[in-house]
Amino acid sequence: MITITIDGKEIQTEPSKTIIEAAFEHGIYVPHFCWHPALSISGNCRMCLVEVEKMPKQVIACSTRCMDGMVVHVNSEKAVQAREAVMEFILINHPLDCPICDEAGECKLQDYAYHYSVGESRFDEEKGLKRKRVALGPRVLFDAERCISCSRCIRFCEDLAGYPELTFVERGDHVTIETFPGRQLENPYSMNVIDICPVGALTSRDFRFKARAWDMSETPGVCPGCARGCSMDMWVRQNEILRLTPRENQEVNNFWMCDRGRLESFRHVHEETRIEQPMLRKDGVQLAVGWDEALAAAASELRSWKGDTVAVIASPYDTCEDNFLAARFAREILTTQFLDILPHVEAGDQDEFLLREDKTPNSAGARIAGVTPVDDAHNLDSIVEGLQSGKIKAVVVSDVRAHEHAGFMQALGKAQFVVAIVSNASALTERADVVLSASTFAEKLGTFLNFEGQLQLLRPAVNTTENERWMGAFAMSRLDKFASEFDRWGRMKRYDARSAGRVFSLLAQLMGGKWGYDHPEDIFEEMAKRIEALHGLTYEGLGRWGVRLGSEQPGHLLPYKYSDVRP
Amino acid sequence: MEVRTQDKYTLTFWEKLYIPEILKGMKLTLEQMLKKKDTREYPEEKWVPPPSYRGAPVLVLERNGVERCVACGLCSRVCPALAIEVQAAETEHEKERYPELFEINMLRCIFCGFCEEVCPEEAIVMSPTYEMVFTRYEDAIFGKDKLLMSAEELAPRLEFLRSHR
Amino acid sequence: MDFIDIVIALIKIVVMFAVVLVTVAELVYTERKISAWIQNRIGPNRVGWRGLLQPYADVIKLVLKEDIVPTAANRFIHTLAPIISIGVAFSTLAVIPIAGETISMFGREIQMVIADVNVGVLYVLALTSMGVYGLTLSGWSSNNKYSLLGGLRSSAQMISYELSMGLSVIGVIMITGSLQLTEIVSHQSGWMWNMVLQPVGFITFVVAAFAETNRTPFDLPEAEPELVGGYHTEYSSFKFALFFLAEYANMITASAIIVTLYFGGWQVPYLELLALPTGVVVVLQILAFIVKVAFMLFVFQWVRWTVPRFRYDQLMDLGWKVMLPIALANVIVTGIVILLIQ
């Protein structure tokens with residue numbers, strides 16, 4: 001251990017650490033563009049220049065290692081001057097097109113220009129002209145003029161994703177980024193370069209020009225794309241999710257997220273196939289009805305099929321709370337042991353970085369919440385067999401992607417009564433006798449358990465008719481706060497959907513159950529009492545990053561949270 | 001600190017009588033009666049605002065038929081009354097961004113001119129329009145069709161803005 | 001007095017009513033015009049020629065409005081009050097002579113006055129004090145603190161100024177030696193108008209007349225800034241219109257009395273020297289009366305848009321400490337002068 005002093009604060013650190021690492025570890029912010037805690041050191045932006053006593057010149061904090069007795073000044077006059085000079089250099093060729101740049105509002109360069117720049121330029125000549133709107137790949141656009149050549153994107157693709165696709169070409173002020181000949185930026189993690197780009201040089205083709213960062217609300221959530229369960233933020237404007245971005249969580253996904261999860265995992269929330277309200281089959285035709293009628297119809301029909309003539313297919317897309325109630329509903333109300341989930345595995349689509357074969361976010365959670373067949377005679381195969389043989393006559397399905405299982409769907413054709421508690425229309429809802437519109441992952445509070453045993457909290461970002469966008473209860477943008485009923489942008493599309501857990505709870509009550517829960521937190525409290533693995537846990541205790549169940553604790557990439565250290 | 005006090009004003013004998021003072025006042029009003037009238041008979045005789053006037057905000061349409069606006073959304077952000085809604089989209093023009101939808105709710109608008117001040121493109125300016133009458137709520141929400149005004153028409157205001165930058 | 005006399009009296013009354021009502025309407029118009037001119041504006045100019053029909057539009061608007069009576073109000077008195085006001089305002093005009101000569105018609109000499117009462121001055125004073133009942137009752141019956149205050153103020157004001165008004169008139173009566181208004185007018189032939197003979201009495205009378213009609217600067221009973229609308233706060237629709245009409249009718253009455261008592265009524269100086277036929281003389285006398293009244297009305301409105309409202313203590317000070325002593329002194333001086341001349 002050595003001792004260094006940064007801005008008058010004495011710090012115990014190790015000689016293997018750089019100054020910037022030591023500073024961040026102790027909550028001291030050093031401005032930087034090219035340095036990123038998860039990437040290799042490049043040292044080409046020069047923004048992190050600091051003054052070190054007894055050194056002839058200012059040094060870059062990102063690649064200078066700590067030495068015992070070092071005295072570092074981040075905010076001394078010399079350091080500030082150096083930073084201002086670097087900012088002036090960087091801004092020489094940076095175009096003044098913030099108004100049309102998507103990064104505006106969340107741009108590191110923009111922020112630094114306010115914090116660390118003098119505000120004017122001595123550069124009278126024309127700015128350099130470079131290529132704009134270059135499609136580096138199917139999902140990422142590149143604007144060469146805005147690029148400050150920090151090489152974060154190049155290093156990410158090479159070092160972390162393992163797909164060397166990008167490189168610098170040319171020299172001096174002509175330097176720009178290109179893909180290697182014959183290649184495109186199309187790796188499954190390509191969109192992470194957009195997040196780490198400190199300027200608006202790399203933008204998302206999907207999100208391009210859709211909304212301003214300040215017009216959206218930002219709700220922390222969990223990606224439902226695969227069993228990894230990456231922490232992410234849901235960006236919502238006018239009650240519509242416009243994009244997902246990864247959120248720092250060193251116990252799950254560090255700073256990253258796969259393109260598929262980012263682009264596809266939320267589409268079903270706003271798809272046209274979304275079921276807007278409950279439906280009931282009357283004389284062979286499905287009619288839209290109110291909740292009371294649909295629930296009463298389902299309950300009265302299910303009452304006649306109790307025992308082992310009924311099966312419940314819970315959903316690995318639903319939260320642990322939903323599955324807990326699905327299990328209780330099956331076992332206590334329907335008194336059946338036929339209870340399981342459908343697997344959704346895409347064999348081979350897995351790597352060491354993030355992707356998992358299991359494309360459900362909560363299979364592990366469903367199991368832990370009680371959706372576990374008591375024996376082989378009651379698992380999914382037995383249910384399909386039972387349906388085929390006509391032994392099982394009624395089925396309650398809450399899996400929104402059940403239609404992807406041809407065998408199951410075919411067996412379902414033999415059932416006499418099908419209740420679907422799902423959010424989107426499919427072959428399943430066409431077959432169903434009662435369709436109860438369920439809310440999606442973005443519309444409810446609950447927990448997801450990933451394949452490693454990380455239990456994370458899921459917060460609602462989109463509101464349904466049940467789920468009003470109250471002040472305080474939701475992340476709210478300025479528009480949400482001040483819209484009146486007369487503003488078109490205040491009249492948001494809302495679905496009449498309820499969480500699967502709530503539906504099971506209501507059905508149970510109609511069928512004589514003595515339990516009912518108003519809030520997911522009540523369910524979790526009950527789960528924490530009944531399920532050994534969850535003992536002692538609360539929503540509050542899950543915090544921002546969740547809790548690792550079991551004895552094996554995750555290793556952290558960094559001894560600090562990068563996004564928590566702020567200027 | 002020096003404190004100055006004002007003695008209570010005491011009326012003279014003639015002032016106490018009131019009548020002479022009232023007669024003085026009546027002389028004044030009689031003179032006023034004969035003076036030129038300041039009234040402007042509005043619908044027939046319209047007022048032409050000076051360039052400094054802040055009327056309804058409008059979007060500047062360039063001579064080539066393209067709006068200046070790049071839909072950056074700053075006007076929408078700065079608007080204290082939340083009167084402006086902008087939805088950006090991509091175009092093939094050199095300025096790659098344009099407002100697919102640009103709406104100003106004239107019932108929300110308070111004509112403060114912040115939008116004009118914040119606009120980096122000088123694309124939204126306060127026009128001399130001051131006559132806005134609606135009979136339905138929807139009519140008060142001006143879309144691009146009503147907002148676009150040619151640069152020639154807005155020349156005095158644009159000139160004014162340049163000279164006072 | 002036979003049937004025809006009654007018919008003639010009725011015709012006179014109807015004519016008088018019609019003329020006064022139209023005048024009242026147009027007074028509203030001139031009021032708005034004069035206020036506009038004083039404030040360098042144009043005033044109403046949209047309804048009818050130069051806005052002449054504006055008051056009728058206003059009346060139609062008023063009449064079409066909902067008549068609201070407060071729940072806690074005394075309904076009967078609430079309705080009675082405006083009727084008293086307007087009734088008193090019109091009745092006073094009965095004794096005002098508008099021409100000296102009589103005209104012959106249907107074989108009768110018709111006097112240019114509805115009722116030539118021999119105690120005309122007393123009648124006038126009595127009726128104008130009656131007018132205060134309209135305001136006081138409306139204030140009380142509305143069951144509203146502002147209305148009540150307005151009503152109280154109006155009665156206090158009336159008592160204070162009635163005195164000096166009566167004392168001012170005494171001077172005129174002493175000179176004329178009669179209470180009959182026709183007699184008083186006849187006495188002011190040539191330039192010997194009472195205004196000239198009684199300048200102090202004239203001024204005190206005019207000031208008292210302003211106070212009696214509740215016109216600015218004496219409109220304390222309805223002082224908007226303090227009392228909302230004063231006695232008529234709780235009135236709407238036609239009842240409000242009646243108060244409105246009464247105020248202007250009172251103005252006409254007051255002007256007519258001032259003209260009769262001090263401006264020589266229908267007298268046109270030295271008209272008799274021209275030796276015109278009776279018909280022409282009557283017409284000229286009526287015209288002279290109208291012009292004089294019109295001038296007084298203009299003065300009323302001119303003062304209203306010139307002088308701001310008195311404070312209440314100023315009002316009382318003026319009434320008791322200035323007007324009353326002056327009026328009393330005027331009586332004494334007049335008496336001494338008459339004695340000396342005789």
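Buried area is the accessible area that two parts lose on being put together, summed over both. The size of an interface is often given in this way. The structure here is a predicted model.

**How the chains meet**

Two pairs of chains are in contact, and of these, chains A and B share the most contacts. Chain A and chain C do not touch. Their nearest C-alpha atoms lie 32 Å apart. The table sets out the two interfaces.

| Pair | Residues in contact | Buried area | Share on carbon and sulfur atoms |
|---|---|---|---|
| Chain A and chain B | 23 residues from chain A, 27 residues from chain B | about 2100 Å² | 45% |
| Chain B and chain C | 18 residues of chain B, 21 residues of chain C | about 1700 Å² | 69% |

Which residues supply 32% of the area that chain A buries against chain B? They are R133(A), F209(A) and R478(A).

Chain B has its own leading trio against chain C. Y18(B), M26(B) and M33(B) supply 34% of the area that chain B buries there. Again, this is more than any other three residues supply.

On the side of α2(B), the contact is made by M26(B), K27(B), T29(B), L30(B) and M33(B). From α11(C) come F298(C), V299(C), W302(C) and V303(C). How do the residues of this contact divide into nonpolar, polar and charged? Seven are nonpolar, one is polar and one is charged. M26(B) and M33(B) belong to this helix contact, and both are also in the chain B trio named above.

Helix α2 of chain C covers residues 54-64. Its buried residues are Q54(C), P55(C) and L62(C). Why do they sit on the same side of α2(C)? They cover an arc of only 95 degrees around the axis, which puts them there. On the other side of α2(C), I60(C) and L64(C) are exposed.

What covers the buried residues of α2(C)? The cover includes α1 (3-38) and α10 (237-262) of chain C.

Conventions:
Residues numbered from 1 in each chain as written. Chains lettered and ligands numbered in written order. Predicted model: local features only at pLDDT ≥ 70, side-chain atom pairs only at ≥ 80, totals over all residues. Heavy atoms only, no water. Contact = heavy atoms within 4.5 Å. Helix = DSSP H or I, 4+ residues; strand = E, 2+ residues; numbered from the N terminus. Nonpolar A, V, L, I, M, F, W, Y, C, P; charged D, E, K, R; others polar. Buried < 20%, exposed > 50% of the residue type's maximum accessible area, 1.4 Å probe, protein only. Arc of directions from axis to C-beta. Buried area = accessible area lost by both parts, 1.4 Å probe.
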